[in-house]
Amino acid sequence: MATGRFFKEVELPEQKSHDDGVLFPAVLSPISNTDLTGFEDAIRAHKPWLDSLLQKRGVILFRGFPVTSPSDFNDVVEAFGFPEAFYVGGRASRTQVVGRIYTANESPPEMQIPFHHEMAYLPDFPSKLFFFCEEAPEAGGETPVVLSHIIYEKMKEKHPESVAKLEEHGVKYTKIMSEDNQESFFTGSGWKSAYMTNDKNVAEERAAKLGTKLEWMGSDVKAITGPMPGIRFDKKSQRKIWFNGLAVSYSGSSTTKNNDRNTFIELGNGEPVSDSAMEDCLRIMEEECVAIPWKKGDVMLVNNLMVLHSRRPLIKPPRSILASLCK
């Protein structure tokens, strides 16, 4: 389907049909060969339409465009004109590459990262995310996406009591942060990196602005945030969404608990999160998600309110995925 004079919508076998045949995610390619400047100009010229498409579909995958380097990716992000969102209080280890571009997550690539909305554990979270495939994996390493309102609806149907408690009480997040980054965890940022300071007093001030209390344990710190909403209402889509970090923070039932996690959760009233509800949630997310294998040069734009994303384990290297966060 042609869309204007520059973009055409294409179909991929991995897409899923939702809401009267609308495909998720949207996939756009150029109608004809173009250069990077042409792509940037087209973004600016078609910005209202692209904004509308993102709001309708949740994710836009740009495939086949001449984006070959981190610098190119930065230029594409800049062309959209979204304000930059800074990663203060973020839980992943990330390194600036150029301009507004950062590594996506520096945990071991063979490690799976569960589904999450970016920075859902903080009151100030990005509304949009960009990902760029600098080097495509030989196998594995996809970035699956899933519509958040579908997770909410299916969880409410299957676990109405647990969802009601989540809506009423919200979620409290606790994270043990070391002084320096711990890259063996996908939530392994150290407090110096997370709060962008070496000063404990400055870290406390910045954490407080994000609704987080820091309790020092020598050079380490316990960061306690919340209660934060576990369910939000997306005004633009007029839908309730599964906007939380439960899947990332859930460490398993008492019999399968992963004691290597450095992040812990409970409901805002102090109750534990239901194991059966979480196990069903993880299963539903996998059933409903779309995982399109990366191709070099892909750029993916994600509406962070509508869509959760994750990372599948890398089976065969290489893999280099970069990211940029926007307000």
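On a 1 Å grid over the protein atoms alone, a cavity is a set of points where a 1.4 Å probe fits but cannot get out, a pocket is an open set with protein on both sides within 12 Å along at least five of seven lines, and lining residues have an atom within 4 Å of a point. Grid points are joined across faces, edges and corners, and a volume is the space filled by probe spheres set on the points. The model is predicted: local features need pLDDT of at least 70, side-chain atom pairs count only at pLDDT 80 or more, and totals for chains, interfaces and linings use all residues. Residues are numbered from 1 along each chain as its sequence is written, and side-chain values use heavy atoms, leaving out hydrogens and water.

Four cavities of 30 Å³ or more are counted. The largest cavity has a volume of about 350 Å³ and a lining of 27 residues, with Arg94, Asn105, Ile113, His116 and Glu118 nearest its centre. Among strands (DSSP E runs of at least two residues, numbered from the N terminus), β20 gives this lining three residues, the most of any contributor.

The second largest cavity holds about 80 Å³; its lining includes Pro25, Arg63, Trp294 and Asp298.

Note on methods. Helix = DSSP H or I, 4+ residues; strand = E, 2+ residues; numbered from the N terminus.
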